[in-house]
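Here's a quick briefing to read with the model open beside you.

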Amino acid sequence: MSNQFRREAETVERFLDSTLESVDHAEEITVGLAKKAGFDEDDLTKIGMAVRESMVNAVVHGNRYNANKKVRFSVSKDAGELVVRIADEGEGFDIDTLPDPLAPENLFRNSGRGIFLIRSFMDDFRVRRLDPGGMEVTLVKRTVSK
Amino acid sequence: MSVKLNTRQVGDVSVMDVAGRITLGEGSSAMRDALRDMVAKNQKKILLNLGDVTYIDSSGIGELVSGFTSVTNSGGQLKLLGLNKRVKDLLQITKLYTVFDVHEEEASAIRSFS
C-alpha cells in the first residue's frame, strides 16, 4: 500500500511573490512532497536546502524583491524522482562566469556559495534562459542513488 | 523570531549562544548585528555556541565568515562550539571547517583562547 502511494505521480505548481516568505513556502511544499516520495531525513534536508538556495537566487538576485515579478515554482514526484523547477523574471546570469567559492581567493567571501550547495545536494542541476527573459533552474533528486 | 541570541561572559571570553535558524533575513541579520556589536565593543575573544542551531543556509555561512574576518582583522579570535552534523557537513563541503577553530566542549574551547 505504501509503495503504491509513493509511486503515484504528483505535481504542485505555484506562482509566488518575490519575498523571503515565498522561500519558506517553496521549501515546505517541496519537503512535504519529498517525504511522500520516500526520501530519508538526510535527503530531505539536502532537498530543502537546495530549494531554499534556488528560491533565494530567484527572489533576491533574479527578481530583486520586485513586487511586480513572480517566481514560477513547481515540484513533481514520479517514478523515484523529484523534480523542482524555479523560474524568475530577472535579467539572467551566466553560470560559467560565477566565481568558484572553493578557490582560496573566494573562501572568505560572505556570499557566492548557493549554486555550489545546490549542485552538492542534488543529483542534477540545470539552468536555462527563458524567452523573453528570466532564468529557470531545474533540480532533480532520485530516491535510488546515482 | 527565527534565531535567538544570548551573550554571556566566561572570564574574558564572550560566549554567544545561538539557537534556531540562521537563514537569509532575520536570522542572518541578527547574528551579523550581534557580531558587529561585539567587535565595536572591542571584544577580542568570541565563542559562538552553535549547539542549538537547527538550520543554516549559505547566507548564514556568509555571516559566520564575515564575523570571523572582522574579529580576526581587529586582532581578536572567533571560535565555534557545538556544531551539529548538518552545520559541520556544510562547513566541510564549503572547505570552511578547517578555517575555524571548532570545539565540542565549552570548557576546553574557553581554555583554547590565547
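**Starting point: Lys4(B)**

Lys4(B) sits in strand 1 of chain B; helices (H or I, at least four residues) and strands (E, at least two) are DSSP runs numbered from the N terminus. Keep in mind that this is a predicted model, where local features need pLDDT of at least 70, side-chain atom pairs count only at pLDDT 80 or more, and totals for chains, interfaces and linings use all residues. Residues are numbered from 1 along each chain as its sequence is written, while chains are lettered from A and ligands numbered from 1 in the order in which they are written.

- Lys4(B) counts as partly exposed because it has 13 C-beta neighbours inside 10 Å. The cut-offs: buried is 20 or more other C-beta atoms within 10 Å of the residue's own, exposed is 12 or fewer, and partly exposed is in between, with C-beta atoms placed from the backbone.
- Leaving out residues up to four places away in sequence, Lys4(B) touches Ala19(B) and Gly20(B). A contact here is two C-beta atoms, placed from the backbone, within 7 Å.
- Lys4(B) and Thr72(B) are 68 residues apart in sequence, and their C-alpha atoms are 24 Å apart in space.

**Helix 1 of chain B**

- Which residues of helix 1 of chain B are buried? They are Gly27(B), Ser28(B), Met31(B), Arg32(B), Leu35(B) and Met38(B).
- Looking down the axis of helix 1 of chain B, its buried residues fall within an arc of 130°, so they line one face of the helix. That arc is taken over the directions from the helix axis to the C-beta atoms.
- Asp33(B), Asp37(B) and Ala40(B), on the other side of helix 1 of chain B, are exposed.
- What do the buried residues of helix 1 of chain B pack against? Their partners in chain B are strand 1 (3–10), strand 2 (13–22), strand 3 (45–56) and helix 2 (58–73).
- Asn42(B) follows helix 1 of chain B and has a positive phi, near 65°.

**Helix 1 against helix 2 in chain B**

- Two packed helices are described by the angle between their axes and the distance between the axes.
- Helix 1 of chain B packs on helix 2 of chain B at an angle of about 5°, with the axes 9 Å apart. The axes are lines fitted to C-alpha atoms, for helices over the stretch in contact, and angles run from 0 to 180 degrees between N-to-C directions.
- That makes helix 1 of chain B roughly parallel to helix 2 of chain B, the label for angles under 35 degrees.
- From helix 1 of chain B, the contact includes Gly27(B), Met31(B) and Leu35(B), and from helix 2 of chain B it includes Gly60(B), Glu63(B) and Val71(B).
- By class, this contact of helix 1 of chain B with helix 2 of chain B has 4 nonpolar, 7 polar and 2 charged residues. Ala, Val, Leu, Ile, Met, Phe, Trp, Tyr, Cys and Pro count as nonpolar, Asp, Glu, Lys and Arg as charged, and the others, Gly among them, as polar.

**Where the chains meet**

- 16 residues of chain A are in contact with 16 residues of chain B.
- On the side of chain A that touches chain B, helix 3 (41–62) and helix 4 (114–121) of chain A each supply at least two residues.
- The largest share of that side of chain A, 5 residues, comes from helix 3 of chain A.
- The side of chain A that touches chain B divides into 8 nonpolar, 5 polar and 3 charged residues.

**Backbone spots to check**

- Most residues other than glycine have a negative phi, and most peptide bonds are trans.
- Asp131(A) and Pro132(A) are joined by a cis peptide bond, with omega about 15°.
- Asp131(A) lies in the loop between strand 4 (124–129) and strand 5 (135–142) of chain A, and is exposed because 6 other C-beta atoms lie within 10 Å.
- Ala79(A) has a positive phi, near 50°, and is found in the loop between strand 2 (70–78) and strand 3 (81–87) of chain A.
- Lys95(B), with a positive phi of about 60°, lies in the loop between helix 3 (85–93) and strand 5 (101–103) of chain B.

How values were computed:
Parallel < 35°, antiparallel > 145°, perpendicular 65-115°, else oblique.
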